[in-house]
Amino acid sequence: MKLEDFNYVLPKELIAQQPAEPRDSCRLLMVDKKTGEWQHRRFRDILDEIRPGDVFVFNNTKVIPARLFGRRKGTGGKVEALLLTPKGNDVWEILVNPGRKALPGQEIEFSENFSCTVIDKTEFGGRLVKFHYSGDFDNWLDQLGEMPTPPYIHKKLENKDEYQTVYAKFKGSAAAPTAGLHFTPELLEKMKDKGAELLFVTLHVGIGTFRPVAEENIEDHEMHREWYTIEKETAQKVNEAKEEGRRIIAVGTTSVRTLESAGQTGRVEAGSSWTQLYIYPGYQWQVVDAIVTNFHLPESTLIMMMASFAGREHILAAYEEAVRQKYRFFSFGDAMFLR
């Protein structure tokens, strides 16, 4: 398939710059994955769609303040760094802007006592760097780092928690699993009262989120690796639900990727691993029965995933309807429920 097959026209004014308040007051486009028919609702109305025994799977990764601003030692040139993946011993994979002068051996200073040295280039255009500091690394990030909101969000966050789910637990992501931003503690409790089971997996979002598809033929695109963990009890509960015919509802594309990566045999395997799973039309789904998701960028791997799940024509028609109805798009935008 061609990359242009996943394009749509989005007016810039529909790109959300801040989250809805309260979180569950955003709009929700309910889409039937078989017929493509839709309904316009509010996010909290998802309670009306819950069947007793439904299993919702959330990604409890926690976003770190991964955007750092520094200067190249010697020249004073400004540098922006985005931390992606820890490699151990204070070595990280990062993205650097501008990158052409970030050559091996270059030192980047973020403060008097916090810097890094470029070790090598990476396969996907990033850099491997080793950090130098005194004290605690996380404390330095909290002091100097900013939340790594996407470039289409131009407003600086006043509250870092705005780009964090209410159930975030394990630090490691360079981006939020944004479908989860719509849930409040009160909504989660009401979901349990309706008979839903809430489970959690962990996938730390990395460079795959930021890397656009450049190939004309989408089959030629290569996904970057991301690290996930599924606890034994979680895997058992998902497998039991599948055996009993109960729905597995993934909250966000990262939960989808985790479940499908661990469930290639039809049963979800517990443990931790890297995944490069690339889901596009033609993929054979193994685990997920329904998806809560945001509206994604044109020609992105995420809209391809949704097209694989519900059909390209249905998804593009739903997106066109959302544009007509002036839904809010992307990370802080409104949501879809594909069921």
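**Closed barrel**

Six strands form a closed barrel in the order β5-β6-β7-β10-β9-β8, and their pairing is antiparallel. On average, neighbouring strands of this sheet are turned by 45° against each other, direction ignored. The model is predicted: local features need pLDDT of at least 70, side-chain atom pairs count only at pLDDT 80 or more, and totals for chains, interfaces and linings use all residues. Residues are numbered from 1 along each chain as its sequence is written, and side-chain values use heavy atoms, with hydrogens and water left out.

**Terms**

- Strands (E, at least two residues) and helices (H or I, at least four) are DSSP runs, numbered from the N terminus.
- Two strands pair if DSSP finds at least two bridges between them.
- Axes are lines fitted to C-alpha atoms, for helices over the stretch in contact; angles run from 0 to 180 degrees between N-to-C directions.
- Contact means heavy atoms within 4.5 Å.

**Inside the barrel sheet**

- Strands β6 (residues 78-88) and β7 (residues 91-97) run antiparallel, joined by seven bridges.
- Pro86 stands opposite Trp92 in β7.

**Open sheet**

- Nine strands make an open sheet with mixed pairing, ordered β2-β1-β17-β16-β14-β3-β12-β13-β15.
- β2 (38-42) and β15 (271-275) are the edge strands, each pairing on one side only.
- From one strand to the next, the twist averages 25°.
- Four bridges pair β1 (residues 27-31) with β17 (residues 335-338) in the parallel sense.
- Met30 has Phe337 in β17 as its bridge partner.

**Helices on the open sheet**

- Helix α5 (residues 301-310) packs on the sheet and touches β16 (290-294) and β17. The direction of α5 makes about 150° with that of β16.
- Helix α6 (residues 312-324) lies across β1, β2, β16 and β17, at about 45° to β2.
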